[in-house]
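Here is a short briefing on how one protein chain is put together, written for a reader who is new to structures. Please look at the sequence and the model first, and then read the points below.

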Amino acid sequence: MDLKFCLAFDVGGTFIKYAIVDNSGKIHLKDKVETPGFPAKETIPRTMGNIFDNLRNKFDISCFGISTAGQINVDKGFVEYATDNLPGYSGTDFVETIGKKFNLPVFVDNDVNSAAAGEMWVGSAKETKNFLCVTLGTGVGGAIVINGEIHRGANFSAGEIGHFIIVPEGDKCTCGKYGCYERYASTSALIRMYKEELINSGLQVNDNYTGEYIVDLYYKGDKISKKVYEKFLDYISYGIANLTHILDPGTIIIGGGISAQGKPFFDEINSRFKKYVNETYCKNTVIKQASLLNDAGVIGAAFNAFSSAKII
Ligand SMILES: [Zn+2]
């Protein structure tokens, strides 16, 4: 196989991770820089250009792949909307600022779709044509793959599963609505529910709790964390049972945050899922852990860029 290289970026609120990925999915170099500040629509492409300038003599780079937070117009390589985590990022045009500037093809997609592409290429969903990817982090993200293609929807927002309503008139979400899935199934939701339970029990609360801490207490038999963590696992499972009835994905890949503990988490989710899903409609649905972890974004961005440029 003729070796080709993609310079792939994974843009988050804190860091821009980047990697040189070849056309078999192997990473040859990876590093990260701090995400530059306002206005991100100028500073982020400039930072990417500097990284390219430093690497272009070492690798014969064929394309750029970008995985990023935000709502992305994949056809135009354009950031339709991003939150204030990346100030001034809405409206970033990667085709103009990166692609045309350096005369290379560029492909941009959101972080969860990119991670799903990576898992499909060389990760947990390898050789799987239909699956649902769920990331449980500070928020909840989703990506839907149908017949080997990412389903992006009419507004490039398919798979925004963090914002379907799971508790009518429930907790207020960052999106402005109430009772969204990510208010009940993310790590930040677990911490919030734990604090609420402490307050309800008349106990002291501090600001230093983490998901790991609460899970650790649960396995030590702590009553308050047991009550909260079991409810949390239920919410996650209700959500994926509902999505399974809609999509019948066959395989569900879960990554991020709390799922990193592996088997104990997946045992809990599997047994709850079986309880809530109607198995007549979705027999043999498999729930597994994402395997590429922090590299999923850059690997998936490279896959998307290589495929779109018809290199693979
Ligand atoms: Zn929401």
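Two strands pair if DSSP finds at least two bridges between them, and the numbering of elements from the N terminus follows DSSP runs, with helices (H or I) of at least four residues and strands (E) of at least two. This is a predicted model, in which local features need pLDDT of at least 70 and side-chain atom pairs count only at pLDDT 80 or more, while totals for chains, interfaces and linings use all residues. Residues are numbered from 1 along each chain as its sequence is written.

**The sheet**
- Thr 135 stands opposite Gly 141, which belongs to strand 9.
- Strand 8 (residues 131–136) and strand 9 (residues 140–146) run antiparallel and are joined by six bridges.
- Five strands make up an open sheet with mixed pairing, in the order 10-9-8-11-12.
- At the edges lie strand 10 (149–150) and strand 12 (286–289), each of which pairs on one side only.

**The two domains**
- Domain bounds come from an automatic or database domain assignment, and for this protein chain they give domain 1 (5–117 + 294–308) and domain 2 (127–291).
- The centres of the two domains, taken over C-alpha atoms, are 27 Å apart.
- Twelve residues from domain 1 and 13 residues from domain 2 take part in the contact, where two residues count as in contact if their C-beta atoms, placed from the backbone, lie within 7 Å.
- On the side of domain 1 that touches domain 2, strand 5 (71–73) and helix 3 (111–122) are the elements that give two or more residues, and helix 3 gives the most, with six residues.
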